[in-house]
Amino acid sequence: MTDGTGGAGEPEASDSLKAFGEVVKAFRKRAGLTQEEFAPRVRYSVPTVASIEQGRRFPPVDFVERAEQTLDAFGALRGAARHLSRQPGLASWFRQWARFEAEAVSLYTYECRVVPGLLQTEGYARAVTVSVPPVKDDEQVTQQVTARLDRHELFRRKPPISFSFIIEQALIERGTGGPEVTRHLIDNLLARADQFNVELQVMPLRQVDHAGFDGPLQVLETTENRWFGYAEGQRGGLLISDSKEVSIMLQRYARLRSQALNPEDSKGLLKRMRGSL
């Protein structure tokens, strides 16, 4: 799974997240604010604020900064955030990459196994989660799906992230979850593709020259304009910081971009696939 929410590294509960949430709640109440009053001041939804206060969601960097300023927290929230080490619903080997994502300037993703977590709908995420052994109970499934959907806040982050996605046509043709789930998935892909900061390309089924034979890859650019890569397999993931290795990943991604359908043709293909369901 492309976001560490299933497979080998089982998600872990987080005392540090719960403690951070309690600190946020205490400062919010000290300021005399309800969650409904506090949420717009930090530019996040009320459910997101509630999830952070309950220790179910890793707080994005911009949330910490805005909460610090809004609540006049004397540096307490910034300090507490530095000690957060675990994110419920995400495997331990993915969490470091998730933190880089939260502060990224650019994020590029190529996938050939499953639709990237950032583009998944709830129905698709649930279908993928229950399909991969070991068997999970309802609570585990909900936790993993929630963690995946919470990451969609990245699309609303300010300043915005520049996203590029390349996905294989076969991932949609597979019909994971059934026709209705696939219809909703395609609708979501088309909606994301219309966002000003998102470029979505589909790699067609027939493509003789293909730079992605070594598997999925992700690369991102930080606010310091450093590039990092990430590769994930069956039993774990690897964060790549070596500049030469990251350069190779960027070269491959550039080649994949030239081989995939352009964004407009990709949308046309998605609409035709949607119409055939």
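The expected span of a helix is 1.5 Å times one less than its number of residues. The model is predicted, so that local features need pLDDT of at least 70 and side-chain atom pairs count only at pLDDT 80 or more, while totals for chains, interfaces and linings use all residues. Residues are numbered from 1 along each chain as its sequence is written, and side-chain values use heavy atoms, without hydrogens and water.

**Exercise 1.** Determine what span helix α10 reaches and which of its residues are buried.

*Solution.* Step 1: α10 covers residues 179–193, which amount to 15 residues. Step 2: its first and last C-alpha atoms lie 21 Å apart, close to the expected 21 Å. Step 3: buried (under 20% relative accessible area, 1.4 Å probe, protein chains only) applies to V181, T182, L185, I186, N188, L189, L190, R192 and A193. Step 4: these buried residues pack against α7, β2, α9, β3 and α12.

**Exercise 2.** Describe how the axes of α2 and α3 cross and which residues meet.

*Solution.* Step 1: the axes, lines fitted to C-alpha atoms over the stretch in contact, come within 8 Å and cross at roughly 100°. Step 2: α2 is therefore roughly perpendicular (65 to 115 degrees) to α3. Step 3: Q35, E36, F38, A39 and V42 of α2 meet V46, V49, A50 and E53 of α3. Step 4: the residues of this contact comprise six nonpolar, one polar and two charged.

**Exercise 3.** State whether Q259 is buried or exposed, and list its contacts.

*Solution.* Step 1: Q259 belongs to helix α11. Step 2: Q259 has a relative accessible area of 9% and is therefore buried. Step 3: leaving aside neighbours within four places in sequence, Q259 is in contact (heavy atoms within 4.5 Å) with M203, P204, Q207, D209, H210 and A211.

Notes:
Axes fitted to C-alpha atoms, helices over the stretch in contact; angles between N-to-C directions. Helix = DSSP H or I, 4+ residues; strand = E, 2+ residues; numbered from the N terminus. Parallel < 35°, antiparallel > 145°, perpendicular 65-115°, else oblique. Nonpolar A, V, L, I, M, F, W, Y, C, P; charged D, E, K, R; others polar. Buried < 20%, exposed > 50% of the residue type's maximum accessible area, 1.4 Å probe, protein only.
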